[in-house]
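Here are a few friendly notes to read beside the model. Please keep the structure open as you go.

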Amino acid sequence: MSGDLVLRVVAKLLIAFMLLFALYVQFHGDFGPGGGFQAGVIAAAAIIFYGIIYGLPAARKVVPSRVVETMVGLGVLIYAGVGVLGIVLGGNYLDYFVLSGDPVNGQHRGIFWVEAGVAVTVAGVMIKIFYMFAGRGRNGEPEA
Amino acid sequence: MMAATVVAIVAQRNLFAVVVLSGVYSFLMATVLVALDAVDVAMTEASVGAGISTVLFLGALYLTKGEEMKPLHEPWLPLVVAVATGAMLIYGTLGLPAFSDPEAPIHRHVAPRYIHDGLRETGVPNLVTAVLASYRGYDTLGETIVVFTAGAGVIVLLRRWRGRKKEAKE
């Protein structure tokens, strides 16, 4: 944990905006640059930032390891689930046109969920790798 | 400027400086990508290359020593291999169509359809998102699975290491 007051206050201010920006990049990805991958990385960066400033145990309290591990698999399942839903609704795998009455609307829905899946997996993997590396002590003993 | 950064990275023996310089390199690369109108890629480069990987490098650096070891051999063979590969790649680019040539094969295959019909078919103004998530949905699914596999690999490797340590203690 960093004892520097400036760092801790600035971190607290910045993290909210980082998460907000991640959401913006996620949901505005249809219109501007960005999408699931970038949003996932930015959200993970916010958590990693928190972990660096306030220490790993604090970060693990905010986002427990089990949640992160679930996110890693959940994102892929969301993505693949959209594909399977396409089959169930009478289309091809990853066919978005059948997700709604209006084909364009269906595309919108499909892309939305697919991007959500990408973001969840990417954020989960990034946070997990950080936890794993940061959790190892200097002389090879795991700290947590 | 990027070349200067690379030279500095190679010449530098202090690993902390190398990590910071590679972050600088990533940001320069991101500006190049912005200049090439690839905003989405630039964003990824800036956040992953300069952000997350710098943090991971620093985490790895914490576990090791901060100074690079003196190399055991003179680096002539790697140098020859690198120069030869680079020369072959540059030779290969001579066969490519000129930059932004509208008659290039890549611009005559599926790209016109994406550009002309993409907005009408998907209703998504950002063409990159439309291609990524809709037209090339399978590829993106594969990419997501690659990321998933990377995470699973890290979990499995480091967990196992932890278990082995316990066995050694007993």
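The points below cover conventions, a helix pair, one threonine and the chain interface.

1. This is a predicted model, where local features need pLDDT of at least 70, side-chain atom pairs count only at pLDDT 80 or more, and totals for chains, interfaces and linings use all residues. Residues are numbered from 1 along each chain as its sequence is written, chains are lettered from A and ligands numbered from 1 in the order written, and side-chain values use heavy atoms, without hydrogens or water.

2. In chain B, the axes of helix 2 (residues 15-35) and helix 3 (residues 39-63) come within 8 Å and cross at roughly 175 degrees. The two helices of chain B are therefore roughly antiparallel (an angle over 145 degrees).

3. Is T140(B) buried or exposed? T140(B), found in helix 7 (residues 137-169) of chain B, is buried at 6% relative accessible area (buried means under 20%, with a 1.4 Å probe and protein chains only). Beyond its neighbours within four places in sequence, T140(B) touches Y79(A) and V118(A) as well as L132(B) and A133(B).

4. Between the chains, the contact takes 40 residues from chain B and 47 residues from chain A. The area buried there is about 4,100 Å², and carbon and sulfur atoms give 72% of that area.

Notes: Axes fitted to C-alpha atoms, helices over the stretch in contact; angles between N-to-C directions. Helix = DSSP H or I, 4+ residues; strand = E, 2+ residues; numbered from the N terminus. Parallel < 35°, antiparallel > 145°, perpendicular 65-115°, else oblique. Buried < 20%, exposed > 50% of the residue type's maximum accessible area, 1.4 Å probe, protein only. Contact = heavy atoms within 4.5 Å. Buried area = accessible area lost by both parts, 1.4 Å probe.
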